[in-house]
Amino acid sequence: MLLSFLQIAATEGILTQTQEAPPISLFDMAVKGGPLMLVLFLLSIVAVYIFAERWWAIRKASKIDVNFMNTIKDFIHDGKIKSAISLCERNNDKPIVHLIEKGLSRLGRPLSDIREAVENTGNAEVARLERGLPILASIAGGAPMIGFLGTVIGMIQAFYNMASAGNNIDITMLSSGLYVAMVTTVGGLIVGIMAYFGYNYLTARVGQVVYKMDTYAIEFMDILNEPSE
């Protein structure tokens, strides 16, 4: 009896090993996640595009010649305002330069008007740097919710298959619903986490540029308050 039981168990073990499913690829897994995976895929493309485009724009905006303000200061003290404006126009792809150019164009007016013009330009430049970030933040919050929606849909599908099967419940009837439930959850979390970290990173970089803009704006106003030699 014991020998027969061991033989049967060994036979079942061999059958189990030979019937193991082959490893599934990421693409096949994504396909089993259903239509919501296409939505998550499109959101991931949008998130990557926004991150790459904003990263390049912010990186470009943060670079400025270390001698720029010294040259502007010399032009102002020598009364060469047109030369200072021309220098700004040659470097007009930087938000910091836009602040200085706006201030130079307002020379001759009260300092309060110049300061207000510089501040308004700064606000506009910050808004331009943050373009696209709200969409990235929305993807960071919305992608996991779409994944959870897929979880609910998958569970509904699994329970519906169970109810339709009656007493003939088979695990294969539940597999499609469980695939949708699990795969969409993972996909939503992956896209959401990527967008979340990307958004925070870009926000920190924008903060660095804003700090540099404030520093240069203060330095420019100090130059205007200095007596000419």
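Reader: In which helix does arginine 54 lie?

Author: This is a predicted model, and the confidence of each element therefore deserves attention, pLDDT being the predictor's confidence in each residue. Among the elements of the protein, the one with the highest mean pLDDT (91) spans residues 36–62. Arginine 54 lies in that element, helix α3.

Reader: Does arginine 54 count as buried or exposed?

Author: A residue is buried when its relative accessible area is under 20%. Arginine 54 has a relative accessibility of 2%, so this residue counts as buried.

Reader: Which backbone oxygen does the side chain of arginine 54 reach?

Author: The side chain of arginine 54 makes a polar contact with the side chain of glutamate 53 at 2.7 Å. Leaving aside neighbours within four places in sequence, arginine 54 is in contact with Leu129, Arg131, Leu133 and Leu202, among others. At 3.0 Å, its side chain reaches the backbone oxygen of arginine 128.

Reader: Which elements give two or more residues to the lining of the second largest pocket?

Author: This pocket holds about 220 Å³ of space. Its lining has 13 residues, and those nearest the centre are Val118, Glu119, Met213, Asp214 and Ala217. The lining divides into eight nonpolar, two polar and three charged residues. The elements that give two or more residues are α7 (111–129) and α9 (171–225).

Reader: Which helix has the lowest mean pLDDT?

Author: The protein averages a pLDDT of 79, and 75% of the residues score at least 70. Where pLDDT is low, the predicted coordinates should not be read in detail. The lowest mean pLDDT, 41, belongs to helix α1 (residues 2–18).

Terms used
Residues numbered from 1 in each chain as written. Predicted model: local features only at pLDDT ≥ 70, side-chain atom pairs only at ≥ 80, totals over all residues. Heavy atoms only, no water. pLDDT = per-residue confidence, 0-100. Helix = DSSP H or I, 4+ residues; strand = E, 2+ residues; numbered from the N terminus. 1 Å grid on protein atoms, 1.4 Å probe; cavity = no way out; pocket = protein on both sides within 12 Å on 5 of 7 lines; lining within 4 Å. Points joined across faces, edges and corners; volume = space filled by probe spheres on them. Nonpolar A, V, L, I, M, F, W, Y, C, P; charged D, E, K, R; others polar. Buried < 20%, exposed > 50% of the residue type's maximum accessible area, 1.4 Å probe, protein only. Polar contact = N/O pair within 3.5 Å; in protein donor to acceptor, adjacent residues only side chain to side chain. Contact = heavy atoms within 4.5 Å.
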